[in-house]
Structures are given as structure tokens and as C-alpha cells.
Amino acid sequence: MSGGEAQLPLPAIPPTPPSSRYTALSAYLPLRSAAGIFAAAALLLAGWRFMAASRPTLPLWAEVLPDLILLLLACLALSAVFLRELGRIAQLAITDGLTGLFNHRHMQQRLAEEVARAERFGHSVSVLMMDIDRFKRFNGSYGHQAGDRVLAAIARLIRETIRTADIPARYGGEELAVILPQTPLANACGLAERLRLAVEGLKFQPRRAGHPVRVTVSVGAATYPDHAVSAAELIDGADQALFQAKRDGRNLVRAFERRERREPTPAPERRRQAVALAQPPFIEV
């Protein structure tokens, strides 16, 4: 698909409800509240001991009760800390540290789930594979730190463009992916084109360059069940479409096609002139 084709609207999908496990974590006693309650209870029990010390004899339960209460509150405070850190560690385990997108392992797991759901309910699921054009050359010219900032900026743009139900991920290196549940191929290509134009409109200012630099992306799209019968075939189809976009001249969107041979695209049709953007974003890298 080229930049001149119409952009089709994406179907509305209700946001995925949060997992009950994370809901329970968020509803659990916050760490600061637990520490405050523990400190207040410790002061009250210290006063209890001070007043009880003036009495000659006390029942056994009255002597043991403060220690039991303090032990219980300490367990509650430690549980709050543990559950809070557990949620943070669980999020880190599925997130790419540089881009903030899901990592490769989590993407594979979610894609298998979405394909199984699509098979069960008879709807489509699409995958976009996106690669930054000539990214190794960019890193060689301006440094890997500038390249990291470009990746982070494009990842942020993806998160701001897709729907809540979509699943963005860093597939590996400069290759990004988006899983689009309940999305046919035409709508997936429409979203891919919007992403391509948005990236094309960004301007980066590397410290090693005396002028702003633009980057582009090539995008491949494939859809279940039109192009694949499994999650692995779906990724392979989107990857083949991405390679075709690279072969056709880069900065393009291509959909997977089941053809052994493909005629080369005429040069004038390979690229549409970039859409002029009013005040394009300027990002210092």
C-alpha cells in the first residue's frame, strides 16, 4: 500500500479488562499506609507496656498480646512490600527496557493467545512488522545512543497511535511489531500507513550532526486466517511482506501476498511525496 491510498477506520474494540491478579495488587494495602499503621500500633503498644508495668501481676495473654499484634502488623507490612515488588518485577519481565514496549517472549505468548481466540470466535487478527530503514548506517554515523533515542521516540509514537487493545512489542534490534486483534488486512494496512507517515514526519537532531535528520520505516502486514493458520506462519507472512517493502525501495507498507514471483514496482510508483506537516515534532538525540 502506498501513501496515496485511503486510510480505513479501525474497528472499535473494548479495552481488555485488567487481570484480577493486578487488580488485587492495586487494591492491597499501600506500603506507606502499612508502615504508618505499624508505627502507630508500635507506639500504642509501647504505651500499653508502660502502663502495664506499674501493675504487679498481669494475665499471660496481656503480656503476650502486644508481641503478637506487633508480629501480625510486621507480617502485613512485609506482605505489602512483597506484593508491590512482585507486581513491578512481573511488569519488568514482559517489558523491553529501552522502548517500554512488550518484549519478544511476551509478544509470542500474546500472539498465540490472540490466534487461538480468533480461531474460536471466527474473527481476524493482524500483525505489523516494522523495521527502521538503514538503521545500522544511522548508528554508524551518529552513535548508538542517538539510535536508542530514535527507537524510544518511534516506540512512543506507536503507543500513542494504536488502540488500547493492540499489543506493541520490540521484536528484536530495530524491528518492532504490533498485534492487532479483530482487525482485517485493509484496516491493518491503514494503521501501518498512518504510522509510516507519522515516523516520516519526525525530525531528529543528533549531537554529531549539524542539521536535523529524518528516519523512515518499512512495514509488512499479514492477517489470520487469510495468510496463516498459526502464530508462527502469521509472523513469517508479515516478515516476508516487510522484506518486500525493503526490496521495493523502503519507506513503504506492503501486505503479504501468496505469489512465488513478483514483478518489480515501477520507480515512479515506489514512493509518494511526503505529506507536509505543520510544525513537525523536533526531537534532540
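This is a predicted model: local features need pLDDT of at least 70, side-chain atom pairs count only at pLDDT 80 or more; totals for chains, interfaces and linings use all residues.

Mentor: One definition to begin: helices (H or I, at least four residues) and strands (E, at least two) are DSSP runs, numbered from the N terminus. Just after helix α5, Gly143 has a positive phi of about 100°.

Trainee: How many helices and strands are in the chain?
Mentor: Nine helices and seven strands.

Trainee: And how much of the chain counts as buried?
Mentor: 42% of the 285 residues. Buried means under 20% relative accessible area, exposed over 50%, partly exposed in between (1.4 Å probe, protein chains only).

Trainee: Back to α5. Which of its residues are buried?
Mentor: Phe135, Phe138 and Asn139. Down the axis of α5, these buried residues fall within an arc of 95°, so they line one face of the helix. The arc is that of the directions from the helix axis to the C-beta atoms.

Trainee: What does the face turned away carry?
Mentor: The exposed residues Lys136, Arg137 and Gly140.

Trainee: What covers the buried residues of α5?
Mentor: The cover includes β1 (125-132) and α6 (144-161).

Trainee: Where do α5 and α6 meet?
Mentor: From α5, take Phe135, Phe138, Asn139 and Tyr142. From α6, take His144, Ala146, Gly147, Val150 and Leu151. Contact means heavy atoms within 4.5 Å. By class, the contact of α5 with α6 has six nonpolar, three polar and no charged residues. Ala, Val, Leu, Ile, Met, Phe, Trp, Tyr, Cys and Pro count as nonpolar, Asp, Glu, Lys and Arg as charged, and the others, Gly among them, as polar.

Trainee: How are the axes of α5 and α6 set?
Mentor: They come within 7 Å and cross at roughly 135°. Axes are lines fitted to C-alpha atoms, for helices over the stretch in contact, and angles run from 0 to 180 degrees between N-to-C directions. α5 and α6 are therefore oblique to each other. Angles under 35 degrees count as roughly parallel, over 145 as roughly antiparallel, 65 to 115 as roughly perpendicular and the rest as oblique.

Trainee: New topic. How many aromatic pairs does a search of the whole structure find?
Mentor: Two. Rings of Phe, Tyr and Trp (its six-membered ring) pair if their centres lie within 6.5 Å; planes under 30 degrees apart count as stacked, over 60 as edge-to-face and the rest as tilted. Phe135, Phe138 and Tyr142 form one aromatic cluster.

Trainee: Is Arg134 buried or exposed, or in between?
Mentor: Partly exposed, at 43% relative accessibility.

Trainee: Where is there a cis peptide bond?
Mentor: Between Tyr224 and Pro225, with omega about 5°. Pro225 is in the loop between β5 (217-224) and α8 (231-247).

Terms used
Residues are numbered from 1 along each chain as its sequence is written. Side-chain values use heavy atoms; hydrogens and water are left out.
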